[in-house]
Every structure is written in structure tokens, then in C-alpha cells.
Amino acid sequence: MLAKKQEHAICPFCCHKFNPNQADFRLSSGKVNTDDKLFNYYLNILHDSIKTATAKAQQNPAVSIEDKTIEYDETDIERYGFVHRITPNNGKGEATEQRLCPNCHNNLPTGYGMRDSILISVLGDARSGKSVFLTVLVAELENNSDFVSKLTFIGDKQVRENFYETYQRPLFREHTLISSTKRKKLPPYAFNFWYQYKDENGSTQENAIDVIFYDIAGEDLRDEVGIRNNGFNIKHSSGIIFLIDPTNFTRLSDLFRFSDAALIDAIPENNSNQAVFDNLYNYFIGMDREKSAIPTALAISKADLFKHVSLSFFGNRPENRIQNLLKDEKHRGAVNMQALKGINHEVKELITHLSEDGVLNNAIGCFKNINCFAVSSLGKKPIVEKISDPDTNETVEKGFIDGQIEPFRVKEPFYWILMRHQLLLKYENGRYEFHGDGPSEEEIEKSLTLWNRILKMFDFFKRFKRM
């Protein structure tokens with residue numbers, strides 16, 4: 001097992017770091033009053049009005065394990081690493097297992113703090129496919145061919161229902177594209193990911209971690225106020241998946257439009273990866289002395305579109321190397337490093353050939369640890385039609401999916417982030433091993449460049465001495 005006793009956890013809601021044994025508890029009965037910590041969360045973090053924040057904060061009392069009016073089993077700490085259940089000792093309340101963040105008093109996911117946890121933010125401009133990607137990634141992890149695994153939702157029932165109604169029902173039941181994410185603070189989506197993996201001896205082991213996903217509106221990422229209000233979790237992320245929409249690439253937009261004008265015309269004209277990166281930099285990197293160390297998966301989304309255009313890359317050679325990206329790779333119990341290095345190299349070459357180096361330069365200017373990917377959440381082009389909105393009677397564009405989706409490579413950014421946190425082993429050159437915390441590719445390139453300069457200077461002085 002990779003898991004170990006956790007000394008710290010980070011709240012999925014307010015991102016406060018705390019010892020799991022410091023969690024408070026919500027009593028199951030008692031006079032309803034205004035929870036001050038919950039009120040401050042709604043007022044100061046979600047920026048609700050005082051009236052709305054007060055209404056949402058009307059809760060049963062909350063207590064800590066230090067409270068003299070409650071009892072708990074001290075063996076819980078040895079068994080779970082924290083108090084799991086409390087009982088009021090005044091005989092007026094029932095035992096409760098509802099643990100709360102000690103800072104904001106939001107309900108913690110079931111068993112949170114007992115296992116390793118990672119927070120993953122899915123970023124990208126409007127219409128880059130973030131919500132569809134997240135929905136398909138969750139489905140792919142539930143039905144995984146790379147690892148024997150199980151994904152279980154561990155958040156509140158209301159949040160689970162919201163995820164189903166907003167994300168899963170439209171895509172999997174109604175075969176329609178998910179509506180664009182609204183500009184507001186969305187709740188974190190908490191899952192437990194149980195999986196089997198290969199250890200350093202190639203033997204099968206198992207582990208369980210808690211994964212928190214965040215979805216953020218592209219418009220908020222471009223807006224200074226929006227990112228501070230609704231994307232404050234980004235700076236606390238364990239990993240970032242940044243989706244790059246290829247329909248924004250200048251040299252490709254006309255080709256894609258020729259193939260499907262309705263699909264491309266549905267993309268907002270003001271989409272700009274530059275604006276998103278500028279805002280990210282100004283928000284949580286610009287005031288620091290160095291770039292963020294958060295592992296960042298830079299992924300070209302909608303890679304299936306490349307199936308529908310005729311391209312000739314890399315010195316006009318006849319083969320179209322982008323086709324190498326349009327199929328799934330296998331990661332049997334460990335991260336296939338040959339596949340990840342291959343996709344990283346191919347995507348970087350593709351971006352450079354298309355004169356979109358600004359995407360890479362912006363990412364490198366913000367983050368130390370980057371790997372490039374190409375993903376397709378649908379595996380096929382949606383059909384875009386103009387329909388009448390029943391609520392507004394306005395004509396809107398709606399995307400429909402013909403048949404079943406055929407996603408490819410959507411899990412690789414997730415695997416890579418887990419590998420960077422040593423929650424999965426990598427497989428390379430016939431060996432299973434953990435990914436080390438060594439220098440990034442950029443740092444290696446810089447050190448090689450510096451070393452070459454030193455060698456040249458040394459050679460110059462040798463020649464000078466002989467003169």
C-alpha cells in the first residue's frame with residue numbers, strides 16, 4: 001500500500017490546511033442557529049449577500065472534540081488517525097459522524113483526511129471542453145482498462161445530484177453537449193479512487209486516495225475579479241489540467257471551419273489563451289520569486305478534429321504525424337513513460353510547427369513542471385444546430401452527439417499528476433520505479449546550456465593560452 005497516516009489535510013472548500021484530528025462535528029439535533037464560520041465562508045469567500053449568507057449558515061450547532069459536552073472513542077485515533085464519531089453526553093443528541101472543516105465548517109467528504117488526497121483544477125478558456133473532459137474522465141476512471149479501479153463519490157448528496165444533472169445526464173443520457181460553466185464558485189467534486197498498481201518488483205498492490213476536482217468558467221479565468229472569487233483554489237492545487245482548444249490556432253481555424261463551419265463558428269471570438277495565462281500569472285505567480293511547482297498537464301483538447309483535415313507537417317513529408325496522437329495508449333498498472341514522452345514531444349513539435357509557441361512560452365513562464373498531451377473527450381465531432389431556447393425564446397446553438405462517445409487519451413494527464421506525487425509508479429526501460437523529485441525538463445535544458453557555455457569558455461582559454 002502507498003497510503004500512510006495523514007498528518008495534514010486541506011479543506012476542499014476554503015483550502016485551509018489542518019490536522020485531520022482538528023475537525024469539528026455537526027450535531028444531529030439541537031437549536032438551529034447561525035454558524036459564524038459557515039457565514040464567513042459564504043460572505044467572504046463565495047461573496048454572497050449578508051441575507052443569503054445568513055440563510056445558508058442556519059445550521060444545527062457545531063462542536064469540537066475538546067467540547068466537554070461530547071464523548072468519543074479514543075481508539076478512533078489509532079484506527080483512523082482522527083476522531084471518527086462523537087456522542088453528546090447530555091442524553092439529548094444522537095451520535096454523529098459528520099465532520100467539518102475547522103476553518104469554514106463545510107461538511108468534509110466521508111473519511112477525508114484518512115488517505116492521501118489530491119486537488120486537481122481543470123482550466124482552459126471558454127468552450128475548450130473543460131466540463132465535458134471532467135465528465136468523461138470520471139466515467140473513464142469508473143470503467144478503467146489500465147488499472148483495476150473503482151471511483152466512488154464521497155461528497156454531499158446534493159452536490160452528487162448536481163454533478164449528475166449538470167454533467168452526466170446531458171452527455172450520457174441525452175447525448176447533448178454540456179452547457180458552458182456558469183460564472184460562479186462551483187462546489188468541489190470529491191471522489192475516492194481505489195486502484196491496483198505495480199510496485200517496484202512488478203507485483204500487484206492496491207491503494208486508495210481522495211481526488212477533488214474543480215471546474216472553473218473560462219470567463220472567470222480571464223477576469224481578475226472572477227479568478228480571485230471563483231478560482232482561489234488554483235494556487236492550492238496538487239495538479240492542473242490546462243486544456244488548449246486547437247480551434248483557436250490561427251493556421252488551423254480556417255481548415256476546421258472548412259470541415260465544419262457551424263462547429264467552429266460556435267467558438268467565441270474573444271477566446272484567448274494569452275488572456276488566461278496573463279491572469280494566472282498576475283494572480284498567483286507574479287508576486288512570487290519563482291514559478292509555480294504545481295505539475296501542469298498542457299493538453300490539446302478536441303484532438304479528434306485532426307481526423308477531418310488534411311495536414312502535412314514537419315518539412316512537407318508525406319506522413320501526417322498527428323495521426324500518432326489519435327489513439328489510446330495502454331498503462332498497465334503503471335505510467336507508460338515511453339507513451340508520455342512520445343506525446344509530449346509530438347505535441348510540442350506540433351505547436352511549434354503551427355507557430356503557436358506562445359502557448360508553450362506562456363505555460364513555461366508560469367510553471368516549472370509541464371508535460372504536453374492531446375486528448376479527445378468525445379472522439380468525434382458533435383453536431384451543432386440552432387434551436388429555440390424554451391426559457392428565453394432566443395435562438396441558440398446546441399451541440400448533439402451522434403451515437404456513443406469514443407474518447408481517447410483523457411486519463412493520461414490524470415495519471416501523470418498521480419505519478420508526479422508518487423501515487424503511481426512509472427514503467428520505463430523494463431523497470432517499475434517512483435518518479436523522483438529531480439529537476440524539471442526546463443531546468444535540465446538550462447543546466448546543459450550553462451555547461452556548454454562553460455565548456456566553450458574553457459576551450460577558448462585553452463586556445464588563448466597556446467597563442
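At what angle do helix α10 and helix α12 pack, and how far apart are their axes? In this predicted model, helix α10 covers residues 273-284 and helix α12 covers residues 357-366. The two pack at an angle of about 10 degrees, and their axes are 10 Å apart. Angles under 35 degrees count as roughly parallel, and α10 and α12 are therefore roughly parallel to each other. On the α10 side, the contact is made by N273, Q274, F277, D278 and Y281. On the α12 side, V359, N362, A363, G365 and C366 take part. By class, the residues of this contact divide into five nonpolar, four polar and one charged.

Helix α4 (residues 130-142) and α5 have axes that come within 10 Å and cross at roughly 85 degrees. Angles of 65 to 115 degrees count as roughly perpendicular, so α4 and α5 are described as roughly perpendicular to each other. From α4, the residues S131, V132, L134, T135, V136, V138 and A139 are in contact with α5. Their counterparts in α5 are F163, Y167, Q168, L171 and F172. The contact of α4 with α5 has nine nonpolar and three polar residues, and no charged ones.

The strands belong to an open sheet of seven strands, whose order is β11-β12-β13-β10-β14-β15-β17. The pairing in this sheet is mixed. Its edge strands are β11 (149-153) and β17 (370-374), each of which pairs on one side only. From one strand to the next, the twist averages 25 degrees.

Another open sheet has three strands, in the order β6-β3-β9, and its pairing is antiparallel. Strands β6 (62-63) and β9 (99-100) stand at the edges with a single partner strand each, so one side of each is left without a neighbour in the sheet. Strand β3 (residues 24-26) and β9 are joined in the antiparallel sense over two bridges. The bridge partner of D24 is L100 in β9.

Two cavities of 30 Å³ or more were found. The largest cavity holds about 90 Å³ of space. Its lining consists of P12, F13, N107, L108, P109, F153, I154, G155, D156, V159, P188 and A190. Nine of these residues are nonpolar, two are polar and one is charged. The lining includes F153, a residue within the span of edge strand β11 (149-153).

Around it are D146, D328, E329, H331, R409, K411, E412 and Y415. This lining divides into one nonpolar, one polar and six charged residues.

Key:
Residues numbered from 1 in each chain as written. Predicted model: local features only at pLDDT ≥ 70, side-chain atom pairs only at ≥ 80, totals over all residues. Heavy atoms only, no water. Pairing = 2+ DSSP bridges. Helix = DSSP H or I, 4+ residues; strand = E, 2+ residues; numbered from the N terminus. Axes fitted to C-alpha atoms, helices over the stretch in contact; angles between N-to-C directions. 1 Å grid on protein atoms, 1.4 Å probe; cavity = no way out; pocket = protein on both sides within 12 Å on 5 of 7 lines; lining within 4 Å. Points joined across faces, edges and corners; volume = space filled by probe spheres on them. Nonpolar A, V, L, I, M, F, W, Y, C, P; charged D, E, K, R; others polar. Parallel < 35°, antiparallel > 145°, perpendicular 65-115°, else oblique. Contact = heavy atoms within 4.5 Å.
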